[in-house]
Amino acid sequence: MRPPRTPGRRDAASPQTPKGFNPGDPVEVVPDEPGLRGAHFAAVVVGPSAKPRGGYTVEYDSLLESEDSDRRLREALPARSLRPRPPPPPAPASGSGPPPPAEHAAVDALIDDAWWLGVALGRAGAPGKVRVCFPETREVMEFDAADVRPHLEWVAGQWRSPDSMEIPKTMPYAKGMQIEVSKLEENSVVAWSPAVVAKTIWKNNLLVDYTVSKCYGTALSEEIVDVKHVRPCPPQASEISFCINDEVEAFQGDCWWLGVITKVHPEFKYTFKSAHLGTEVEVNQNSLRLRYDWVDDQWEQVSKNVAKLKFTQGVKVEVCSDDEGFRGAWFEATIVKPVGSKFLVEYATLKDDDDTKPLKETVEARHIRPCPPEIPVSDGFKLLDEVDAFCNDGWWVGVVSKVLGEKRCMVYFRPWKEENEFEHAQLRLHSDWMGGRWMRASPALEM
C-alpha cells in the first residue's frame, strides 16, 4: 500500500477536471498506474506546463525529489490527472469525535503521503478507530477515525458521493450469482474458492459470501474484493477419464486447487500434484475438473493434452445417425475398414434387410465415437440423473424421472415426451465425446 517516493508519468484518464487551475490552487493528483490506483496525492498548482500540452506543473505537499533531498517534488501532469481538493467533512459536535462511516461506504484512508480509496468496515474494537478494507490488494487495516474521510468523486464540476451514483453498467456480477474467488499466494492464483455475491459495492467491488471457508484456514466467511479477483463458475462439465500431464483443478479443503495429473489408477482414481505446494495426493474422478482460465470474458481450456482418435480395423465404436427417428441414439458397432474419408462399420445389434446378418454401413467419421467408459454407479441411479437407456437396439439419452426401487427406474425422453421403465442393467450415466475427451455434467459436490 505504500506509494513510491517519486511517482512516474501518469497518462491514463481519471475523473473530469474543471475548466482550468490557477497558480496556487490546492489540488489532488489522481494517478492511474499499477500500484497507485486509488491514491490521491495533495499538491499545489505551480502553473501551466508546456508538456504535456494543456497540463500543469504541480508541487506535492509531502513527496520529495529524493530520499536525500528536502525539496518538494515538482511534476508536469495532464489536466485529467488533477482534481480540486475535496471539501473537509463536517466538523463533529463539540467534545465528540468524527462520526463513523457507514458500513461498506466508500472512504479515503490516509497512509503515509496519500489518501487511498477503500471500503469502510465500521468501527474497530478500540475507541476512535475505523477498519478499512482495500478490495484491490485485499488488505484490511485499522486507522484513527481522523485519518478516514468520506470518498467524493469530482463529476462535471461537482462533488458527488458514491451513495448517489449507480454501480457501473459494466459490472458483470449481480447479487445472488454463484462465482469463484481467487486464493492468492505472492500475487499468484493457486486456487479458486466457491462463493456467492452478497452485495455489489461501488465502484467495482463485491461483498462475497464463501460457501465454504476451510481453504483459508480461518473462520473467514465473507470478504470484499475487487472484481479482478472474481470469475464466473467454469463450464459445468467434468472429465470422465483423465490422462497423465492433464492440467486440472482438484477440489480439496473446499477450494479448487491448480495442478496436474501424474498417475492414473484403476476405478477412476488419479494422483494429483498441486502446482502450489508440489505435494501429491490420490483423488477420485468426481473431485477433478479440467482447468479453464477466464480470459477477456471467455473460457479458455488450458490443457491441450487430448486423446488422438484412431479408428482402425476391429476397434469397437458407437455410431449415430441424422436420419429421422434415429437422432439422439448411439448404436454399438465395429470398424471393418476405412473407405476414403469414411469408414465401413458392422453394427452389433442392427440387422440387414433380411434380418439374418449384422448390418454393414459406410458412415462419416463425424458420426463415429469411441465406446464410452463404464462409470460405476455404486448407490444406484438418482432422480434427474441424465442417462442412456438401451432400447430399440441402441442407447437413447433421457432423464431419470422416478426411482422405483433398487434395480428399476422410470426414464423420460424429452424429444418424444415419453416415459418408460428400465432395469438398472439397461442404463448407463450419459456422457458426451467433446474435443477428444469424454465429458459429463459435473456431479454435485458434497458441502
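Which residue takes a positive phi in the hairpin of S28 and S29? I will come to that in a moment, after a word on where the values come from. What we are looking at is a predicted model, in which local features need pLDDT of at least 70 and side-chain atom pairs count only at pLDDT 80 or more, while totals for chains, interfaces and linings use all residues. Residues are numbered from 1 along each chain as its sequence is written, and side-chain values use heavy atoms, with hydrogens and water left out.

Now to the hairpin, where the residue in question is Asp355, with a positive phi near 60 degrees, and where six residues stand between the strands. Strands here are DSSP runs of E with at least two residues, numbered from the N terminus. Strand S28, residues 342–351, and strand S29, residues 358–364, pair in the antiparallel sense over six bridges, and to say that two strands pair is to say that DSSP finds at least two bridges between them. Within this pairing, Glu346 stands opposite Lys360 of S29.

Let me stay with backbone angles for a while. Most residues other than glycine have a negative phi, and most peptide bonds are trans. Against that background, Leu384 has a phi near 75 degrees, a positive value in a residue that is not glycine, and Leu384 sits in the loop between strand S30 (368–370) and strand S31 (386–391). Leu384 counts as exposed because its relative accessibility is 64%; the words I use are buried for under 20% relative accessible area, exposed for over 50%, and partly exposed in between, with a 1.4 Å probe and protein chains only. Asp393, also not a glycine, has a positive phi of about 70 degrees, and the place of Asp393 is the loop between S31 and strand S32 (394–403). With a relative accessible area of 37%, Asp393 is partly exposed.

As for peptide bonds, a cis bond joins Lys51 and Pro52, with omega about -5 degrees, and Pro52 is found in the loop between strand S2 (39–48) and strand S3 (56–64). Another cis bond joins Trp202 and Lys203, with omega about 5 degrees, where Lys203 belongs to the loop between strand S14 (188–201) and strand S15 (205–210).

Is Asp108 buried or exposed? Asp108, which lies in strand S6 (residues 106–111), is buried, because its relative accessible area is 1%. The side chains of Asp108 and His151 are joined by a polar contact of 2.8 Å, meaning a pair of N or O atoms within 3.5 Å, where within protein one must be able to donate a hydrogen and the other to accept it, and residues adjacent in sequence count only if both atoms are side-chain atoms. Leaving aside residues up to four places away in sequence, Asp108 touches a set of residues including His40, Arg83, Trp115, Asp147 and His151, where contact means heavy atoms within 4.5 Å.

Turning to Val302, we find this residue in the loop between strand S25 (298–301) and strand S26 (316–319), and it counts as partly exposed at 22% relative accessibility. Val302 touches Glu247, Arg291, Tyr292 and Asp293, again not counting residues up to four places away in sequence. The C-alpha atoms of Val302 and Tyr292, ten residues apart along the chain, are separated by 5.6 Å.

Finally, the cysteines: Cys133 counts as buried, at 4% relative accessibility, whereas Cys371 counts as partly exposed, at 35%. How many disulfides does a search of the whole structure find? The search finds zero, a disulfide being a pair of cysteine sulfur atoms within 2.5 Å.

Note on methods. Helix = DSSP H or I, 4+ residues; strand = E, 2+ residues; numbered from the N terminus.
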